[in-house]
Amino acid sequence: MFHPNWKAKRKEILHRDMHRCVHCSSDKDLQVHHRQYHFIASEQKFRLPWEYPGHLLITLCESCHSKGHNKYKVPTITI
Ligand SMILES: [Zn+2]
Ligand SMILES: [Zn+2]
């Protein structure tokens, strides 16, 4: 289901956040959220999900994640 590189990155972020949603501390249905999306101007393509630095990735439960996406648009930054 997940690309092996994303699996590894996901594991790293979940571990860093101690397997808890950073908003509500739930440990159920955890997902890793991107705080920004990067468009690489020189390559005319989006950065791959696992290529983001750790501070742009956070652990959220499914419920906080979908609420967050309904409320805020993830900014796309051209780099
Ligand atoms: Zn949550
Ligand atoms: Zn997200």
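Which residues coordinate the zinc ion (ligand 2)?

## Basis of the report

This is a predicted model, in which local features need pLDDT of at least 70 and side-chain atom pairs count only at pLDDT 80 or more, while totals for chains, interfaces and linings use all residues. Residues are numbered from 1 along each chain as its sequence is written, chains are lettered from A and ligands numbered from 1 in the order in which they are written, and side-chain values use heavy atoms, with hydrogens and water left out.

## The histidine zinc site

The zinc ion (ligand 2) is held by H33 (ND1), H65 (NE2) and H69 (NE2) at 2.0 to 2.1 Å, where donors are N, O and S atoms within 2.8 Å of the metal (3.2 Å for Na, K and Ca), and sites may look incomplete since water is not among the atoms. Along the sequence these donor residues follow the spacing H-x31-H-x3-H. H33 in strand β1 and H65 in helix α2 (residues 62–71) are 32 residues apart, and the pair links distant parts of the chain; helices (H or I, at least four residues) and strands (E, at least two) are DSSP runs, numbered from the N terminus. Both H33 and H65 are buried, that is, under 20% relative accessible area with a 1.4 Å probe and protein chains only.

## The cysteine zinc site

The zinc ion (ligand 1) is coordinated through the SG atoms of C21, C24, C61 and C64 at 2.3 to 2.4 Å, and the spacing of its donor residues is C-x2-C-x36-C-x2-C. C21 lies in the loop between α1 (4–16) and β1 (30–34) whereas C61 belongs to strand β4 (residues 57–61), so the pair ties together parts that are 40 residues apart in sequence. C21 counts as buried at 2% relative accessibility, and C61 counts as buried at 6%.

## Strand pairing

Strand β2 (residues 37–40) runs parallel to strand β5 (residues 76–78), joined by three bridges, and F39 stands opposite T78 in β5; strands pair if DSSP finds at least two bridges between them. β2 also pairs with strand β3 (residues 45–46) in the antiparallel sense over two bridges, with I40 opposite K45 in β3. The hairpin of β2 and β3 has four residues between the strands, and in this hairpin Q44 takes a positive phi near 50°.

Notes: Buried means under 20% relative accessible area, exposed over 50%, partly exposed in between (1.4 Å probe, protein chains only).
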